Amino acid sequence: DSVKPSSAKKAPSDKPPEYNQGQVQEINKKVDSKIQRVEENILQWIDEETKTLKDTLEKDIVSIRTEVDTKNIEMNSKVQTSIADLKEEITEKVAIIDNKLMDNIFDTATDYIPNDTQEQSPGSVKAMWNKNEIAVPRGDDPRIICFNWINCNAGGAIDDDGVSDMHTVVIPIAGPYLLSLGCQLMGHSGGIQLKRNKKEKLMDGGRSDIVDLNEDDVLEVYAEGGTKLKEVNLMVCLLRPRVFITPGTTM
C-alpha cells in the first residue's frame, strides 16, 4: 500500500496583500505627513536663502552708497578747491593786467594839459590821474575827485580852463567806450565810484568795463566818506564811434 503524506504543501499565491480601509487610511496619513515635512523643509530652506540674499543685498547697497557718498564728498572738495584756486589765479592775473594797463598809461602819457595846438584823432586814450593823497572825512557826503594831470584828445572832452584842476569828462562822440578806474586805497573803508550825469553809477574803483555812452554824457569820479587814497586814475577810450567819422576830421 502506498503511503499518503500527512499534509500537502500549498502553492505560493500571486495576489498582493489585501488591506482593509483602516489600514489604507493609515498609510495615506503617513505619506501625507512625509510630503508635508518635505514641503516644510523646502519652504524653510527657501526662507533662509531669501533672508540671506536680502541681508547680503542690503549690505552691498549700504556699502555702495557709502562709497558713492565718500567719492562725491572727495570730488566736491576737489571741485571747490579747484574753483577757489581758479578764482584766485584769475584775480591775480586781472590785477597784473590792470597794473600793467595803468603803468602803461603813466609811462606813455606826456604829463601836460592839452591845448588846441596839440590834436589827436577821436578815439585816442583820454587818461586823467591825481598822484596826490586824497582824504574824505568819515561821515561826509561823497566828493568829486579832481585830476591835476591829463592826456586826452582835443575838442572839449575835458572841462579845462587851463588853471583849475580837472574833474569832469564830457563825452564828445557817442559810442562804446573802454572805461578803467583805478586807485590805491590807504585804509580798509571807503571807495570811489564813476558816475554818469551825477546819478548813474557805472563802476567802482579797480574795475574796467565797456560802456555805451551818448554825446555830452558827463563822467565824474566820487570818493565816499571815510576814504583815504592816492594814485587815482581814470581812462576813457572810444572803441568805435556810433556815427562814421570821415578820416582827417573831428566832431
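Helices (H or I, at least four residues) and strands (E, at least two) are DSSP runs, numbered from the N terminus. The figures show a predicted model, in which local features need pLDDT of at least 70, side-chain atom pairs count only at pLDDT 80 or more, and totals for chains, interfaces and linings use all residues. Residues are numbered from 1 along each chain as its sequence is written, and side-chain values use heavy atoms, with hydrogens and water left out.

**Figure 1. Overall organisation of the protein chain.** The pattern along the sequence is α-β-β-β-β-β-β-β-β-β-β-β, that is, one helix and eleven strands. Of the 251 residues, 26% are buried; buried denotes under 20% relative accessible area, exposed over 50%, and partly exposed the range in between (1.4 Å probe, protein chains only). Among contacts (heavy atoms within 4.5 Å) with a separation of 6 or more, 73% join residues 24 or more positions apart. The chain exposes about 18,100 Å², of which carbon and sulfur atoms supply 53%. Accessible areas come from the Shrake-Rupley method with a 1.4 Å probe, and for residues only the protein chains shown count as cover.

**Figure 2. The largest nonpolar core.** A nonpolar core is a set of buried Ala, Val, Leu, Ile, Met, Phe, Trp, Tyr and Cys residues joined through side-chain atoms within 4.5 Å. The largest such core has 27 residues, and Leu179, Leu194, Leu219 and Leu234 have the most contacts inside it. Two or more residues each come from β6 (175-185), β7 (192-196), β8 (200-204), β9 (207-213), β10 (218-223) and β11 (228-238). Strand β11 gives the most, with five residues. In soluble globular proteins, nonpolar side chains tend to be buried together.

**Figure 3. Surroundings of leucine 219.** Leaving aside residues up to four places away in sequence, leucine 219 touches His167, Thr168, Val169, Ile171, Leu179, Leu194, Lys195, Arg196, Leu202, Leu213 and Val236. Leu179 and Leu194 are also among the residues with the most contacts inside the largest core.

Figure 4. Asparagine 233 lies in strand β11 and is classed as buried because its relative accessible area is 5%. The side chain of this asparagine reaches the backbone oxygen of glutamate 231 at 2.9 Å. A polar contact is a pair of N or O atoms within 3.5 Å; within protein, one must be able to donate a hydrogen and the other to accept it, and residues adjacent in sequence count only if both atoms are side-chain atoms.

Figure 5. Aspartate 217 pairs with arginine 196, the closest N and O atoms being 3.1 Å apart. This pair links distant parts of the chain: aspartate 217 is in the loop between β9 and β10 and arginine 196 in strand β7, 21 residues apart. Both aspartate 217 and arginine 196 are buried. Arg196, Glu200 and Asp217 are linked in a network of salt bridges. A further salt bridge joins glutamate 220 to lysine 198, with the closest N and O atoms 3.3 Å apart. Here glutamate 220 in strand β10 and lysine 198 in the loop between β7 and β8 are 22 residues apart. Glutamate 220 is buried, at a relative accessible area of 3%.

**Figure 6. The loop between β7 and β8.** Asparagine 197 lies in this loop and has a positive phi of about 55° although it is not a glycine. Lysine 198, also placed in the loop between β7 and β8, has a positive phi near 70°. Most residues other than glycine have a negative phi, and most peptide bonds are trans. Asparagine 197 is partly exposed, with a relative accessible area of 39%, whereas lysine 199 is exposed, at 74%. The C-alpha atoms of lysine 199 and glutamate 220 are 9.9 Å apart in space, the two residues being 21 residues apart in sequence.

**Figure 7. A nonpolar surface patch.** Val38, Ile42, Leu43, Trp45 and Ile46 form a nonpolar patch on the surface, with about 500 Å² of accessible area together. Patches are made of residues with over 30% relative accessible area and no salt bridge: like charges are joined within 9 Å, and nonpolar side chains (Val, Leu, Ile, Met, Phe, Trp, Tyr) within 5 Å. Valine 38 is located in helix α1 (residues 21-108) and counts as partly exposed because its relative accessible area is 47%.

Definitions and conventions. A salt bridge is a side-chain nitrogen of Lys or Arg within 4 Å of a carboxyl oxygen of Asp or Glu.
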